[in-house]
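Student: I would like to go through the labels in this model one by one. Please set each against its definition.

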Amino acid sequence: MNNNICAIIDFNDFSRVKTLYGEEILFCRDNVSVAVLGNLYNRAGGRLDAEGAHKLYLEYGEDVYLEFDGIFTVMIFDHKNQKAFVLQDFFGSQQAIFYYSDNEKMYITNSLRSIVTNEKREWKMDRGSAHQFILRGYSADNKSLIEGINMMPCTGYLYVDVAGRKHCNKAYKKEPNPKRVITNEIYNKVLEDQIKACLHDKMATTVSSGYDSNYILYNLNKFLDNRIDGFCIGGKTGQNEIPDAEKIAAYYGNIDLHTKQIGGQSFDMLPEIIYVLEGSMYERGIFLQYELAKLVKEHGVENIILGESADQVLNFEMYHPRHQARSILKYNSQKFLSRYLKGLHYRPYRTVYDMASYIVIKKNGIMMNYFGVNTEYPYMRKEYMKMAENAVKIGERKKEFHKKVFGETLPKEITDVVHKMPGSTELKDLFIGDITYEAVLDFCKKSEFYEEKKFDDIFYEIDNYIKITYLETFKKMFIDEAEKYLTDTYKGYKLKELFPELVK
């Protein structure tokens, strides 16, 4: 579903919530308005719409998020008590939520475009956020790439005191998780239950050579009688999972497999990718996710179940603050040294939680939502995470228990094919076409975002220049020529049309 909303709080009149769009997903009763983005469930695993969330808020108040499960954003506007809340799941939702206030009104929306095009003021790039963006592909300090427009953090919820015209971020309470021994049977039962809860009448999924998607596919074949749409994206010159996906689909016999390969045409679509992501994040997988979401849409799929963030959920650091603190210390130390040692590179995220919330779930969820595809994520549900916390051991980073149960549960015909393959987006694949890497290099060296750096690995060099190209494209579309590019629907502009100098 294309699940979008732009709500506007009028500080002078909070008797109702104004919307630019998305009013149909609002439920209003008893002086409380509620909107739900994503897939919301209650503790028992039942689906909730805005009316269901409204009932729970009247019962539990501000702590209602403890009753929610799924991957979601819930906006609650309490008109009687003059306050509002934007609540998200533990990972901060699959949507980027932007907010902007001028002391008279406040926008809360998953569309940066709606703020930029409706507030007639001179917008500017936020230089600090742009610098962070080049270092790690996102900003974790609540700022967007545009000055004055903030983004909701992934670590808490937004509280708005309407009467006082103030807002702040509040931390979530952590629910207790009793210790228990996890057996193969318990592990399979919990995962099965989460997958069942995510099912719609007709489901699709990705097919790959990885453990996580194959665990889902195995269960879908147990629970569904109808045929399953499967999708796989491969690289033309880099890693390519399509041959393995074809073997897996052939084994099951009820999968309609749809495939596509990444090439130069994907890089030329960077303006549309940025139109979709709105500067919320960058990671080389955005090109794969764009082609995947587009392919899913082309085949009329409305619901897809995905294995996103299993790598992070099954990493011990997710559950041990002391080890997370070590990762943050290491990250900050390397970040400090990189100012002086230009050839030093470090991972672009501080903790595995940051990787899951700011990168993995956002690049997937935002893309799929744009193409009108509803996404379900069983590995990110509360009960699975509680089980995972008890299953992984201190120091375990590579899903040993997960792989063990996988090998003892799935048929040998599948386990013989499955292996961990890096993402299939090879950056060099992006320059098979009109736009050459040399032209991009010349373009970036003239950019205001360019800094002289040394690179020990060509991967980091290419990645750096793609991020600079991303920022230049964002600036042109969202600031310099917003009236031209930020239309209600994307007009099909290609990168070489925005910057003809990239074609040589």
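Tutor: Start with pairing: two strands pair if DSSP finds at least two bridges between them. Strands (E, at least two residues) and helices (H or I, at least four) are DSSP runs, numbered from the N terminus. The model is predicted, so local features need pLDDT of at least 70 and side-chain atom pairs count only at pLDDT 80 or more, while totals for chains, interfaces and linings use all residues. Residues are numbered from 1 along each chain as its sequence is written, and side-chain values use heavy atoms, with hydrogens and water left out.

Student: What makes β1 and β9 a pair?

Tutor: Strand β1 (residues 6–10) and strand β9 (residues 105–109) share 5 bridges, in the antiparallel sense. At least two are needed, so they pair. One of the bridges sets I8 against Y107 of β9.

Student: Which sheet holds them, and why are β2 and β10 at its edges?

Tutor: An open sheet of 5 strands, antiparallel in its pairing, in the order β2-β1-β9-β8-β10. β2 (18–21) and β10 (150–151) each have a single partner strand, so one side of each lacks a neighbour in the sheet.

Student: How do you know that β4 is mostly covered?

Tutor: Buried means under 20% relative accessible area (exposed is over 50%, partly exposed in between; 1.4 Å probe, protein chains only). In β4 (residues 32–41), 10 of 10 residues are buried.

Student: Which strands does β4 pair with?

Tutor: Among them are β3, β5 and β6. Strand β3 (residues 26–29) is antiparallel to β4 over 4 bridges, with L26 opposite A35. Their hairpin has 2 residues between the strands, and D30 in the turn has a positive phi of about 55 degrees. Strand β6 (residues 69–78) runs antiparallel to β4 and is joined to it by 10 bridges; V34 faces I76 there. Strand β5 (residues 47–48) has 2 bridges to β4, also antiparallel. Y41 has R47 as its bridge partner in β5.

Student: Why are α4 and α5 called roughly perpendicular?

Tutor: Roughly perpendicular covers 65 to 115 degrees (under 35 is roughly parallel, over 145 roughly antiparallel, the rest oblique). The axes of α4 (residues 184–197) and α5 (residues 211–223) cross at roughly 70 degrees and come within 10 Å. The two helices are therefore roughly perpendicular.

Student: What makes the contact between them?

Tutor: Contact means heavy atoms within 4.5 Å. From α4 come Y187, N188, L191, E192, I195 and K196; from α5 come Y215, I216, N219, L220, K222 and F223.

Definitions and conventions
Axes are lines fitted to C-alpha atoms, for helices over the stretch in contact, and angles run from 0 to 180 degrees between N-to-C directions.
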